[in-house]
Amino acid sequence: MSVRRVFYGWLIPAAFLLPAWLLVGWAVFRAGGWAFLWVLFLAIPVVFIGQLVLTMLVRARGTVRAERAVSWWDVLGFSVWHLLIISLGFFDQAWWASAMIVTIFVGVGLLWLTLWQLWREAKPGRMVMYTAEGVAYLPPQPAEEAQSARAEAVSDPDVFVITEKREPDAR
């Protein structure tokens, strides 16, 4: 749980520190003028905005807010993505282009992972239907669910279930 809580706290600072690392890495490893333009106009804004969007999607989930900890899927996805961004800051020509492509794919994959987790937690457990007049109602339960609910209610001695006995229609 402590690792997941550390990642929860790391998400906002990462939006500022990872782009700063790309700028520092450009200066330390003397990447050149074209790399400076890439860092300044493309990498820093994309990493900053992308990290903030992903952080907001993660923090939008109720379980994350309640536990103040991300999921293990988030830990895995953000670890891989952040390590790839850090590797981009070393600007080694031998593997930099392939690392950038992998970083982009992992970032898009992380976006889909966070959206999937948010959707899974946010989808309703029951569907609410509306009448033509706009009145909301819950659809009737299937027979199996209704019987199991009745059986649970009958097993409790403080609950009385009264059912109406109907006569079959005479035709």
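A crossing of two helices is called left-handed if the near helix is turned anticlockwise from the far one by less than a right angle, and right-handed if it is turned clockwise. Please keep that in mind while we look at this predicted model, in which local features need pLDDT of at least 70 and side-chain atom pairs count only at pLDDT 80 or more, while totals for chains, interfaces and linings use all residues. Residues are numbered from 1 along each chain as its sequence is written, and side-chain values use heavy atoms, with hydrogens and water left out.

The protein has six helices and two strands, where helices (H or I, at least four residues) and strands (E, at least two) are DSSP runs numbered from the N terminus.

Let us turn to one pair of helices. The axes of helix H4, residues 72-88, and H5 come within 9 Å and cross at roughly 155 degrees, the axes being lines fitted to C-alpha atoms over the stretch in contact, with angles from 0 to 180 degrees between N-to-C directions. H4 and H5 are therefore roughly antiparallel, a term that applies to angles over 145 degrees, and their crossing is left-handed.

Leaving aside neighbours within four places in sequence, Thr114 is in contact with Leu54, Leu57, Val58 and Asp74.

How values were computed:
Contact means heavy atoms within 4.5 Å. Angles under 35 degrees count as roughly parallel, over 145 as roughly antiparallel, 65 to 115 as roughly perpendicular and the rest as oblique.
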